[in-house]
Amino acid sequence: MNDAATPTARPANLAWRVLALVYDAMPNIALWFAVSGLALLLRPSHEAFAPWSAGQFVLWLACAGTSGLYAVWSWRRVGQTLGMRPWRLKVTTPDGRLAPAKQLWLRYAVAVVSLAAGGLGFLWSLVDRDRRTWHDLASGTVLVRLQR
């Protein structure tokens, strides 16, 4: 398996990142439905959790963890999620190799914080000369756009 990105790759801009996020919402929503359905099946009453309850918080953590597994597994395996493939985006280390899982989990965690902070971590790419986001900087990874 070839871990190296093509040498013609360049840092991805914010627009490509947002397109990939929107596209990746689809498989994530499907995963959340599956996790939520399983949670309702396991709940004796089969009723939804009350708002702001401990059960709802645990379900939210399970959905976030499932999204993390999807992202990290995809990035570790081929450097791309389903949403990144049509736009030719790939997560690599600065030397073009696939990143280890530890770096990718850090990338995912900081990306979640970036989104929770109103997208500030993503907007950072507009002022960084290398188009890096907070999660790129924290994890030591880069998101590149591959040439055709």
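## Basis

The model is predicted, so local features need pLDDT of at least 70 and side-chain atom pairs count only at pLDDT 80 or more, while totals for chains, interfaces and linings use all residues. Residues are numbered from 1 along each chain as its sequence is written, and side-chain values use heavy atoms, with hydrogens and water left out.

## Aromatic pairs

The structure holds three aromatic pairs. Rings of Phe, Tyr and Trp (its six-membered ring) pair if their centres lie within 6.5 Å; planes under 30 degrees apart are stacked, over 60 edge-to-face, and the rest tilted. Trp16 and Trp87 form a tilted pair, because their ring centres are 5.8 Å apart and their planes stand at 40°. Trp16 belongs to helix α1 (residues 14-42) and Trp87 to the loop between α2 (54-78) and β2 (89-92), so the pair ties together parts 71 residues apart in sequence. Helices (H or I, at least four residues) and strands (E, at least two) are DSSP runs, numbered from the N terminus.

Trp105 and Tyr108 make an edge-to-face pair, with centres 6.2 Å apart and planes at 90°. Both residues lie in helix α3 (residues 101-116), three residues apart, about one turn of the helix. Trp105 is partly exposed at 35%, whereas Tyr108 is buried at 16%.

## Charges over rings

A charge sits over a ring if NZ of Lys or CZ of Arg is within 6 Å of the ring centre and within 35 degrees of the ring normal. The charged end of Arg145 sits over the ring of Trp16, 3.5 Å from its centre. Arg107 is placed in this way over Trp75, at 5.4 Å.

## Salt bridges

Four salt bridges (a side-chain nitrogen of Lys or Arg within 4 Å of a carboxyl oxygen of Asp or Glu) are found in the whole structure. Asp136 and Arg17 meet at 2.7 Å, N to O. This pair links helix α5 to helix α1 across 119 residues, and both partners are buried. Arg17, Arg107 and Asp136 are linked in a network of salt bridges.

Arg132 bridges to Asp128 with the closest N and O atoms 3.0 Å apart, and to Asp130 at 4.0 Å. Asp128 is buried at 12%, while Arg132 is partly exposed at 29%, as is Asp130 at 33%.

## Largest pocket

The largest pocket has a volume of about 660 Å³. On a 1 Å grid over the protein atoms alone, a pocket is an open set of points where a 1.4 Å probe fits, with protein on both sides within 12 Å along at least five of seven lines; lining residues have an atom within 4 Å of a point. Grid points are joined across faces, edges and corners, and the volume is the space filled by probe spheres set on the points.

The lining has 27 residues, with Leu21, Asn28, Tyr108, Ala111 and Leu115 nearest the centre. Helix α1 gives the largest share, nine residues.

## Positive phi

Trp52, in the loop between α1 and α2, has a positive phi near 65° and is exposed at 83%. Arg131 has a positive phi of about 60° and lies in the loop between α4 (120-123) and α5 (134-139).

Terms used
Buried means under 20% relative accessible area, exposed over 50%, partly exposed in between (1.4 Å probe, protein chains only).
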